[in-house]
Structures are given as C-alpha cells and as structure tokens.
Amino acid sequence: MPGDNIPADDTPTDDAFLRRTFEVAARARAHGNHPFGAILVDASGTVLLEQENGYLPARDGTAHAERLLATRACTTLPPQVLARATLYSSAEPCAMCAGAIYWAGIGRVVYGLSEHRLRALTGNHPENPTLDLPCRDVFRAGQRPTEVVGPQLEDEAAAQHHGVW
C-alpha cells in the first residue's frame, strides 16, 4: 500500500520494489485488465503511489499504468519530490508513458520486462500493438536527465503475461 516501505535487510532494493510492481500487475490481471503495474517511490524508500493498468472497462488504450501514475504524481506531488523519485514498472515504459514520465519530472525509472521482449510475447495482439522503441531513446531526446535501469528480473516480469496474449 502507498506509504509503506519495503525492508530488505533494512534497506529497500530495486528488486524488492520491482517485485511489488509484479504484485500490482497480478492485481490488474485479477481485475480483468492487462497485467501491468507501476509504483512511485520517494528518495527515502517510501511508496507514494501504486497504479494498475486501466485499459478496461472503457477500453482506453492510453490508460497504461505508468501514464496514469505519472498523471497522478505530477498533479499531487511537488516537483522536487518527483525529481528524486523512482518509478518502478513491471514492463518498460512505452514511448507514450516515457513521455508522460518525462513531463511529470520523475527522475528515475526501473523496469522489469523490456519492450522488445514484451513485443515477442504479445505478437500482433490488437489490444497491445507494442512499440519496439526503448524508453531510453525517448528520455535521451529530452532536456533533463532521466536515469533508467532495466530490464531487470525479466523472467519474473514475463511470467505475468503467460496465457494473456
């Protein structure tokens, strides 16, 4: 839940937070949505926001977990918090989500499943015509730095998608 810290020998780790996004993705799937999840963690290791994918019920193709989280973050949190925060995502942010993260001013991204591997899993599924465009390329085009770590724990991240596409 937001406001929680994840202790791993008293120090939260990227892997622990990333695994939490897998739990959020599993919840999204249980709620009938695509299995994607994201969380926002401040510089002290406190989870500020969690977000499931929001494709259904409106069939909103722009309701990716990262984009929804970035919107919530930049409308509720101060820029100085966002600049030092990390957005953890079960999958690499697509070009749209990377743009939203950039415009929200979130300073760091850690992701599980690469966009390239996601595309291999989803194929040409009409509900996820995956863009094979690395988020690093989107961030590199910007004027402020966004640190990117990933793919990380990619096999665990891919497991969320088995039987979906």
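Predicted model: local features only at pLDDT ≥ 70, side-chain atom pairs only at ≥ 80, totals over all residues.

Residues are numbered from 1 along each chain as its sequence is written, and side-chain values use heavy atoms, with hydrogens and water left out.

H1 itself covers residues 14-30, and its 17 residues reach 24 Å from the first C-alpha to the last, close to the 24 Å expected at 1.5 Å a residue, where the expected span is 1.5 Å times one less than the number of residues. Among its buried residues are Phe17, Leu18, Phe22 and Val24; buried means under 20% relative accessible area, exposed means over 50%, and partly exposed lies in between, with a 1.4 Å probe and protein chains only. The cover over the buried residues of H1 includes S1, S2, S3, S4 and helix H7 (154-159), and contact means heavy atoms within 4.5 Å.

How many of the 5 residues of S1 are buried? The count is 5 of the 5, so S1 is largely enclosed by the rest of the structure. Gly37, Ile39 and Val41 lie on one side, and Ala38 and Leu40 on the other. In a regular strand, side chains alternate between the two faces of the sheet.

S1 runs antiparallel to S2 (residues 47-52), joined by 5 bridges, and antiparallel to S3 (residues 86-91), joined by 4 bridges; two strands pair if DSSP finds at least two bridges between them. Opposite Ile39 stands Glu50 in S2, whereas Leu40 faces Leu87 in S3.

Leu40 and Leu87 also belong to the largest nonpolar core, which has 21 residues; such a core is a set of buried Ala, Val, Leu, Ile, Met, Phe, Trp, Tyr and Cys residues joined through side-chain atoms within 4.5 Å. Its largest share, 5 residues, comes from H4. Ile106, another residue with the most contacts inside this core, touches residues including Leu40, Leu82, Leu87 and Ile101, not counting residues up to four places away in sequence.

Methods. Helix = DSSP H or I, 4+ residues; strand = E, 2+ residues; numbered from the N terminus.
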